[in-house]
Amino acid sequence: MNPGAGGTLTVIGLGPGDESLLTGSARRALDAAEDIVGYYPYVARVPERPGLTRHASDNRVEVDRARHALQLAAAGRRVAVVSGGDPGVFAMAAALFEAVEHGEPGWRDLAITVEPGITAMLAAAARLGAPLGGDFCALSLSDNLKPWPVVTARLEAVLRADLVVALYNPISSARPWQLGAALEIAAGIRAPETPVMFARAISRPDEVIRVTPLAEASSAPADMATVVIIGASTTRLIPREGRQPFVYTSRKVEAA
Ligand code: SAH
(Lines give C-alpha, C1' and ligand atoms only; values in the text may rest on other atoms or scores of the structure.)
Protein backbone atom coordinates (compact mmCIF):
# COMPACT_ATOMS: atom_id res chain seq x y z
CA MET A 1 0.00 0.00 0.00
CA ASN A 2 1.13 3.55 -0.63
CA PRO A 3 2.06 4.96 2.81
CA GLY A 4 1.07 8.43 1.61
CA ALA A 5 -2.50 7.46 0.74
CA GLY A 6 -4.97 9.94 2.19
CA GLY A 7 -2.40 12.68 2.83
CA THR A 8 -3.13 16.11 1.40
CA LEU A 9 -1.32 19.42 1.27
CA THR A 10 -3.08 22.74 0.70
CA VAL A 11 -1.20 26.03 0.43
CA ILE A 12 -3.59 28.63 1.81
CA GLY A 13 -3.70 32.41 1.39
CA LEU A 14 -4.91 34.05 4.61
CA GLY A 15 -5.53 37.47 3.02
CA PRO A 16 -4.12 40.76 4.31
CA GLY A 17 -5.25 40.40 7.93
CA ASP A 18 -8.92 40.72 8.73
CA GLU A 19 -10.86 37.48 9.00
CA SER A 20 -13.59 38.84 6.69
CA LEU A 21 -11.09 38.94 3.82
CA LEU A 22 -10.38 35.18 4.01
CA THR A 23 -12.19 33.25 1.26
CA GLY A 24 -14.80 30.64 2.19
CA SER A 25 -12.75 28.03 0.39
CA ALA A 26 -9.61 28.90 2.40
CA ARG A 27 -11.69 28.75 5.61
CA ARG A 28 -12.92 25.23 4.75
CA ALA A 29 -9.36 24.09 3.97
CA LEU A 30 -8.15 25.46 7.34
CA ASP A 31 -11.01 23.72 9.17
CA ALA A 32 -10.12 20.39 7.52
CA ALA A 33 -6.39 20.58 8.36
CA GLU A 34 -4.64 18.41 10.97
CA ASP A 35 -1.30 20.25 10.70
CA ILE A 36 -0.70 23.96 10.07
CA VAL A 37 2.78 24.88 8.83
CA GLY A 38 4.07 28.44 8.31
CA TYR A 39 5.84 31.58 9.50
CA TYR A 40 4.99 32.42 13.17
CA PRO A 41 2.62 35.39 12.68
CA TYR A 42 0.59 33.57 10.03
CA VAL A 43 0.30 30.36 12.08
CA ALA A 44 -0.78 32.56 15.02
CA ARG A 45 -3.76 33.75 12.93
CA VAL A 46 -5.21 30.21 12.94
CA PRO A 47 -6.92 29.52 16.31
CA GLU A 48 -5.93 26.44 18.29
CA ARG A 49 -8.41 23.58 18.36
CA PRO A 50 -8.34 19.90 19.38
CA GLY A 51 -6.82 17.72 16.67
CA LEU A 52 -4.77 20.56 15.15
CA THR A 53 -0.97 20.65 15.44
CA ARG A 54 0.66 24.02 14.70
CA HIS A 55 4.23 24.10 13.34
CA ALA A 56 5.51 27.70 13.33
CA SER A 57 8.94 28.59 12.01
CA ASP A 58 11.12 31.57 11.14
CA ASN A 59 10.81 33.52 7.88
CA ARG A 60 14.16 32.49 6.43
CA VAL A 61 13.58 28.74 6.28
CA GLU A 62 10.93 28.54 3.59
CA VAL A 63 12.21 25.56 1.60
CA ASP A 64 12.94 23.54 4.80
CA ARG A 65 9.43 24.36 5.97
CA ALA A 66 8.01 23.22 2.62
CA ARG A 67 9.93 19.93 2.85
CA HIS A 68 8.60 19.36 6.36
CA ALA A 69 5.03 19.95 5.13
CA LEU A 70 5.58 17.51 2.24
CA GLN A 71 6.94 14.87 4.62
CA LEU A 72 3.86 15.22 6.85
CA ALA A 73 1.52 14.91 3.84
CA ALA A 74 3.48 11.89 2.54
CA ALA A 75 2.94 10.26 5.95
CA GLY A 76 -0.82 10.57 5.42
CA ARG A 77 -1.59 13.85 7.28
CA ARG A 78 -3.96 16.61 6.07
CA VAL A 79 -1.54 19.55 5.98
CA ALA A 80 -2.18 23.27 5.49
CA VAL A 81 0.74 25.58 4.65
CA VAL A 82 -0.29 29.17 5.38
CA SER A 83 0.87 32.48 3.88
CA GLY A 84 -0.35 36.06 4.32
CA GLY A 85 -2.19 37.58 1.35
CA ASP A 86 -2.01 35.21 -1.62
CA PRO A 87 0.33 32.22 -1.22
CA GLY A 88 1.55 32.56 -4.81
CA VAL A 89 2.67 36.20 -4.47
CA PHE A 90 6.22 36.37 -3.05
CA ALA A 91 5.27 33.57 -0.66
CA MET A 92 5.13 29.87 0.22
CA ALA A 93 3.52 28.33 -2.87
CA ALA A 94 6.66 28.85 -4.98
CA ALA A 95 8.87 27.53 -2.15
CA LEU A 96 6.64 24.47 -1.96
CA PHE A 97 6.87 23.69 -5.67
CA GLU A 98 10.62 24.27 -5.57
CA ALA A 99 10.80 21.60 -2.83
CA VAL A 100 8.62 19.26 -4.95
CA GLU A 101 10.81 19.78 -8.04
CA HIS A 102 14.03 18.95 -6.17
CA GLY A 103 12.64 16.49 -3.59
CA GLU A 104 11.38 12.91 -3.29
CA PRO A 105 9.89 11.64 -6.59
CA GLY A 106 6.81 10.43 -4.65
CA TRP A 107 5.94 14.02 -3.62
CA ARG A 108 4.75 14.68 -7.20
CA ASP A 109 1.85 12.25 -6.64
CA LEU A 110 0.58 13.95 -3.48
CA ALA A 111 -2.76 15.78 -3.57
CA ILE A 112 -1.37 19.35 -3.54
CA THR A 113 -3.74 22.30 -3.99
CA VAL A 114 -3.43 26.08 -3.66
CA GLU A 115 -6.16 28.28 -2.16
CA PRO A 116 -5.86 31.89 -3.36
CA GLY A 117 -6.04 34.87 -1.02
CA ILE A 118 -6.40 38.64 -1.40
CA THR A 119 -2.90 39.95 -1.93
CA ALA A 120 -1.67 43.15 -0.23
CA MET A 121 -1.69 45.33 -3.36
CA LEU A 122 -5.33 44.49 -4.11
CA ALA A 123 -6.44 45.13 -0.53
CA ALA A 124 -4.50 48.43 -0.58
CA ALA A 125 -5.86 49.45 -3.99
CA ALA A 126 -9.44 48.91 -2.83
CA ARG A 127 -8.88 51.28 0.13
CA LEU A 128 -7.45 53.98 -2.15
CA GLY A 129 -9.93 53.83 -5.03
CA ALA A 130 -8.66 52.15 -8.20
CA PRO A 131 -4.92 52.86 -8.58
CA LEU A 132 -4.42 49.54 -10.43
CA GLY A 133 -7.11 50.40 -12.99
CA GLY A 134 -4.65 50.41 -15.93
CA ASP A 135 -1.65 48.17 -16.60
CA PHE A 136 0.45 47.48 -13.52
CA CYS A 137 3.11 45.18 -12.11
CA ALA A 138 4.34 43.95 -8.75
CA LEU A 139 8.00 43.86 -7.72
CA SER A 140 9.60 42.64 -4.51
CA LEU A 141 12.35 45.01 -3.35
CA SER A 142 13.93 42.25 -1.28
CA ASP A 143 17.39 41.28 -2.42
CA ASN A 144 17.47 38.13 -0.26
CA LEU A 145 16.70 35.90 -3.26
CA LYS A 146 17.89 38.04 -6.20
CA PRO A 147 20.77 40.48 -6.68
CA TRP A 148 20.02 44.18 -6.15
CA PRO A 149 21.11 45.14 -9.73
CA VAL A 150 18.32 42.84 -11.02
CA VAL A 151 15.81 44.71 -8.83
CA THR A 152 16.92 48.10 -10.13
CA ALA A 153 17.02 46.96 -13.79
CA ARG A 154 13.43 45.66 -13.54
CA LEU A 155 12.26 48.76 -11.70
CA GLU A 156 13.74 51.07 -14.33
CA ALA A 157 12.17 49.03 -17.14
CA VAL A 158 8.65 49.14 -15.68
CA LEU A 159 8.94 52.81 -14.73
CA ARG A 160 9.91 53.63 -18.33
CA ALA A 161 7.01 51.50 -19.59
CA ASP A 162 4.67 53.75 -17.55
CA LEU A 163 3.16 50.88 -15.56
CA VAL A 164 1.81 51.44 -12.05
CA VAL A 165 4.28 49.64 -9.77
CA ALA A 166 3.42 47.92 -6.48
CA LEU A 167 6.51 47.42 -4.33
CA TYR A 168 6.36 44.54 -1.85
CA ASN A 169 8.98 44.04 0.90
CA PRO A 170 9.99 47.73 0.64
CA ILE A 171 12.14 47.84 3.77
CA SER A 172 13.25 45.87 6.82
CA SER A 173 15.81 46.29 9.57
CA ALA A 174 18.26 44.22 7.49
CA ARG A 175 17.44 46.23 4.32
CA PRO A 176 17.02 49.84 5.46
CA TRP A 177 18.07 51.71 2.29
CA GLN A 178 16.46 49.91 -0.67
CA LEU A 179 13.16 51.83 -0.64
CA GLY A 180 14.97 55.19 -0.66
CA ALA A 181 17.11 54.02 -3.58
CA ALA A 182 14.01 52.80 -5.47
CA LEU A 183 12.20 56.13 -4.94
CA GLU A 184 15.28 57.97 -6.18
CA ILE A 185 15.23 55.89 -9.39
CA ALA A 186 11.50 56.66 -9.74
CA ALA A 187 12.13 60.40 -9.26
CA GLY A 188 14.63 60.29 -12.14
CA ILE A 189 12.01 58.81 -14.50
CA ARG A 190 8.53 59.98 -13.38
CA ALA A 191 7.09 63.46 -12.81
CA PRO A 192 7.49 64.98 -9.31
CA GLU A 193 3.70 65.17 -8.81
CA THR A 194 3.19 61.42 -9.48
CA PRO A 195 1.09 60.01 -6.61
CA VAL A 196 2.92 57.53 -4.36
CA MET A 197 0.75 55.50 -2.01
CA PHE A 198 2.01 53.99 1.26
CA ALA A 199 -0.46 51.39 2.51
CA ARG A 200 0.49 49.89 5.86
CA ALA A 201 -1.11 46.92 7.68
CA ILE A 202 -4.20 46.99 5.49
CA SER A 203 -7.29 45.51 7.18
CA ARG A 204 -5.47 45.28 10.54
CA PRO A 205 -6.16 47.49 13.58
CA ASP A 206 -2.97 49.51 12.92
CA GLU A 207 -3.79 50.27 9.26
CA VAL A 208 -2.34 53.57 7.93
CA ILE A 209 -2.62 54.97 4.39
CA ARG A 210 -0.70 57.96 3.06
CA VAL A 211 -0.66 59.46 -0.43
CA THR A 212 2.18 61.85 -1.28
CA PRO A 213 3.68 63.34 -4.45
CA LEU A 214 6.82 61.52 -5.62
CA ALA A 215 8.90 64.64 -4.87
CA GLU A 216 8.09 64.24 -1.14
CA ALA A 217 7.86 60.45 -0.98
CA SER A 218 11.30 59.77 0.49
CA SER A 219 10.27 61.29 3.82
CA ALA A 220 7.11 59.13 4.19
CA PRO A 221 7.42 56.42 6.83
CA ALA A 222 7.34 52.80 5.64
CA ASP A 223 8.06 49.46 7.26
CA MET A 224 7.89 45.77 6.37
CA ALA A 225 4.08 45.76 6.71
CA THR A 226 3.78 48.43 3.99
CA VAL A 227 3.10 48.01 0.30
CA VAL A 228 4.14 51.06 -1.75
CA ILE A 229 2.32 51.85 -5.01
CA ILE A 230 3.90 54.28 -7.46
CA GLY A 231 1.39 55.82 -9.90
CA ALA A 232 1.75 56.04 -13.68
CA SER A 233 1.24 59.18 -15.82
CA THR A 234 -2.47 58.24 -16.02
CA THR A 235 -2.91 58.00 -12.22
CA ARG A 236 -5.19 60.77 -10.88
CA LEU A 237 -6.01 62.19 -7.46
CA ILE A 238 -9.53 63.29 -6.60
CA PRO A 239 -9.09 65.66 -3.62
CA ARG A 240 -11.75 65.64 -0.88
CA GLU A 241 -12.28 68.17 1.89
CA GLY A 242 -10.84 66.83 5.16
CA ARG A 243 -10.54 63.30 3.81
CA GLN A 244 -8.00 61.20 2.03
CA PRO A 245 -8.20 61.70 -1.76
CA PHE A 246 -9.49 58.99 -4.04
CA VAL A 247 -6.75 57.69 -6.33
CA TYR A 248 -7.46 55.99 -9.62
CA THR A 249 -5.61 55.08 -12.81
CA SER A 250 -7.53 55.72 -15.98
CA ARG A 251 -7.92 52.75 -18.28
CA LYS A 252 -7.56 55.14 -21.25
CA VAL A 253 -4.09 55.81 -22.66
CA GLU A 254 -3.56 58.33 -25.48
CA ALA A 255 -1.67 57.24 -28.61
CA ALA A 256 2.04 58.07 -28.26
N1 SAH B 1 1.94 36.82 0.03
C2 SAH B 1 1.82 38.20 0.51
C3 SAH B 1 3.09 39.01 0.28
C4 SAH B 1 4.29 38.49 1.04
S5 SAH B 1 5.68 39.56 0.90
C6 SAH B 1 0.62 38.86 -0.20
O7 SAH B 1 0.11 38.30 -1.16
O8 SAH B 1 0.21 39.95 0.26
C9 SAH B 1 5.44 40.58 2.35
C10 SAH B 1 5.09 41.99 1.93
O11 SAH B 1 3.70 42.06 1.60
C12 SAH B 1 5.25 43.05 3.03
O13 SAH B 1 6.60 43.49 3.12
C14 SAH B 1 4.33 44.14 2.50
O15 SAH B 1 4.96 44.83 1.43
C16 SAH B 1 3.18 43.34 1.91
N17 SAH B 1 2.03 43.16 2.83
C18 SAH B 1 1.60 42.01 3.36
N19 SAH B 1 0.47 42.21 4.10
C20 SAH B 1 0.20 43.53 4.02
C21 SAH B 1 -0.85 44.35 4.55
N22 SAH B 1 -1.84 43.86 5.31
N23 SAH B 1 -0.83 45.69 4.25
C24 SAH B 1 0.15 46.20 3.48
N25 SAH B 1 1.16 45.46 2.93
C26 SAH B 1 1.19 44.15 3.22
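The buried residues of helix 3 are covered by several parts of the chain, including strand 1 (8–13), strand 2 (35–39), strand 3 (53–57), strand 4 (78–83), helix 4 (92–102) and strand 5 (111–115). Keep in mind as you explore that this is a predicted model.

Which residues of helix 3 are buried? They are Arg65, Ala66, Ala69, Leu70, Leu72 and Ala73. These residues lie on the same side of helix 3, because they cover an arc of only 160° around its axis. There is a simple rule behind patterns of this kind: an α-helix has 3.6 residues a turn, so residues three or four places apart point the same way.

Helix 3 runs through residues 62–74, which makes 13 residues. From its first C-alpha to its last it reaches 18 Å, close to the 18 Å expected at 1.5 Å a residue. Just after helix 3 comes Gly76, which takes a positive phi of about 100°.

## Helix 4, one face in and one face out

Now look at helix 4. Its buried residues are Met92, Ala93, Ala95, Leu96, Ala99 and Val100. Seen down the helix axis, they fall within an arc of 165°, so they line one face of helix 4.

What do these buried residues pack against? Their partners are strand 1, helix 3, strand 4 and strand 5. On the other side of helix 4 you can find Ala94, Glu101 and His102, which are exposed.

## Around the ligand

How many residues surround the ligand? There are 20, and the closest are Asp86, Val89, Thr119, Met224 and Thr226.

For Thr226, a polar backbone atom is 2.7 Å from a ligand oxygen. For Pro16, a polar backbone atom lies 3.0 Å from a ligand nitrogen. For Val227, the distance from a polar backbone atom to a ligand nitrogen is 3.5 Å. On its own, the ligand has 550 Å² of accessible area, and the protein covers 93% of that.

Our last stop is Gln178, which lies in helix 7 (residues 178–189). Is Gln178 buried or exposed? It is buried: its relative accessible area is 2%, and buried means under 20%.

Leaving aside residues up to four places away in sequence, Gln178 touches Leu141, Asp143, Trp148 and Pro170.

Definitions and conventions. Residues are numbered from 1 along each chain as its sequence is written. This is a predicted model: local features need pLDDT of at least 70, side-chain atom pairs count only at pLDDT 80 or more; totals for chains, interfaces and linings use all residues. Side-chain values use heavy atoms; hydrogens and water are left out. Helices (H or I, at least four residues) and strands (E, at least two) are DSSP runs, numbered from the N terminus. The expected span of a helix is 1.5 Å times one less than its number of residues. Buried means under 20% relative accessible area, exposed over 50%, partly exposed in between (1.4 Å probe, protein chains only). The arc is that of the directions from the helix axis to the C-beta atoms. Contact means heavy atoms within 4.5 Å. A residue is near a molecule or strand if one of its heavy atoms lies within 4 Å of it. A polar contact is a pair of N or O atoms within 3.5 Å; within protein, one must be able to donate a hydrogen and the other to accept it, and residues adjacent in sequence count only if both atoms are side-chain atoms. Accessible areas come from the Shrake-Rupley method with a 1.4 Å probe; for residues, only the protein chains shown count as cover.
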